[in-house]
Amino acid sequence: MELRDNPRLLDSYRTVKLLGSAVGVSVVLYGMVVEFWLWSQPAFRGYVHPSALRYVRPMIITLAVTLLLLAGWVRGRLLGIGNALDVMVTQAMVPQQRALAMMRAAVIGFAMCEGAALLGLLLFLCSGRRWDFYGLAGMTLLALIIRFPRYREWQRWEGRRSNIR
């Protein structure tokens with residue numbers, strides 16, 4: 001299928017592509033906030049006492065990694081992957097509803113990835129260590145690259161859902 005064959009599908013894909021790019025840019029902006037914070041307050045050591053940090057750090061990292069891992073699963077469930085009843089129900093949707101469902105699934109996946117970056121920012125504020133943020137931000141950017149829908153994937157989602165009319 002050529003790009004010009006389905007303008008509605010292409011428009012929804014462009015919207016999701018713009019939103020995914022905005023999430024990636026926001027993660028970079030969080031990094032700029034971290035660097036500005038450390039530049040303006042060179043003695044910053046975090047807001048959590050180091051003794052409490054040994055409990056806080058693993059909890060935040062675990063939550064962030066869980067968000068990143070669940071992003072793909074949640075997107076798949078919203079798209080009906082692996083659930084025959086959901087697929088049958090969503091295949092009967094009109095094309096506009098299918099496009100909105102696909103967009104919703106992609107945006108929720110992006111939001112879960114951005115949540116991990118925000119947890120990295122929170123961990124930086126707790127510890128004062130820039131690499132606490134950069135570790136989670138790097139994992140977030142990698143997850144965004146992996147989870148970012150390609151147009152062929154977008155077409156496949158649309159095609160899988162349009163078998164029953």
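Modeller: A helix here is a DSSP run of H or I with at least four residues, and helices are numbered from the N terminus. Keep in mind that this is a predicted model.

Colleague: In which helix is threonine 140 found?

Modeller: Helix α5 covers residues 130–147. Threonine 140 is therefore in a DSSP run, and that run is α5.

Colleague: Is threonine 140 buried or exposed?

Modeller: Buried means under 20% relative accessible area. Threonine 140 has 0% relative accessibility, so the residue counts as buried. Beyond its neighbours within four places in sequence, threonine 140 is in contact with Val27, Leu68, Cys113, Glu114, Ala116 and Ala117. With its 0%, threonine 140 is buried.

Colleague: Cys113 is among those contacts. Is cysteine 113 buried or exposed?

Modeller: Leaving out residues up to four places away in sequence, cysteine 113 touches Leu68, Ala71, Thr140, Ala143, Leu144 and Arg147. Its relative accessible area is 0%, so cysteine 113 is buried.

Colleague: How many disulfides does the count come to?

Modeller: A disulfide is a covalent bond between the sulfur atoms of two cysteines. The rule asks for a pair of cysteine sulfur atoms within 2.5 Å. By this rule the count is 0 disulfides.

Colleague: Are the rings of phenylalanine 36 and tryptophan 39 stacked, tilted or edge-to-face?

Modeller: Both residues lie in helix α1, 3 residues apart, about one turn of the helix. Phenylalanine 36 is exposed at 51% relative accessibility, and tryptophan 39 is exposed at 66%. Their ring centres are 5.7 Å apart and their planes are at 40 degrees, so the pair is tilted.

Colleague: What about the rings of phenylalanine 110 and phenylalanine 148, stacked or edge-to-face?

Modeller: Phenylalanine 110 is in helix α4 and phenylalanine 148 in the loop between α5 and α6, 38 residues apart, and the pair links distant parts of the chain. Both residues are buried. Planes under 30 degrees apart count as stacked. The planes here are at 25 degrees, so the pair is stacked.

Key
Residues numbered from 1 in each chain as written. Predicted model: local features only at pLDDT ≥ 70, side-chain atom pairs only at ≥ 80, totals over all residues. Heavy atoms only, no water. Helix = DSSP H or I, 4+ residues; strand = E, 2+ residues; numbered from the N terminus. Buried < 20%, exposed > 50% of the residue type's maximum accessible area, 1.4 Å probe, protein only. Contact = heavy atoms within 4.5 Å. Phe/Tyr/Trp six-rings, centres within 6.5 Å; stacked < 30°, edge-to-face > 60°.
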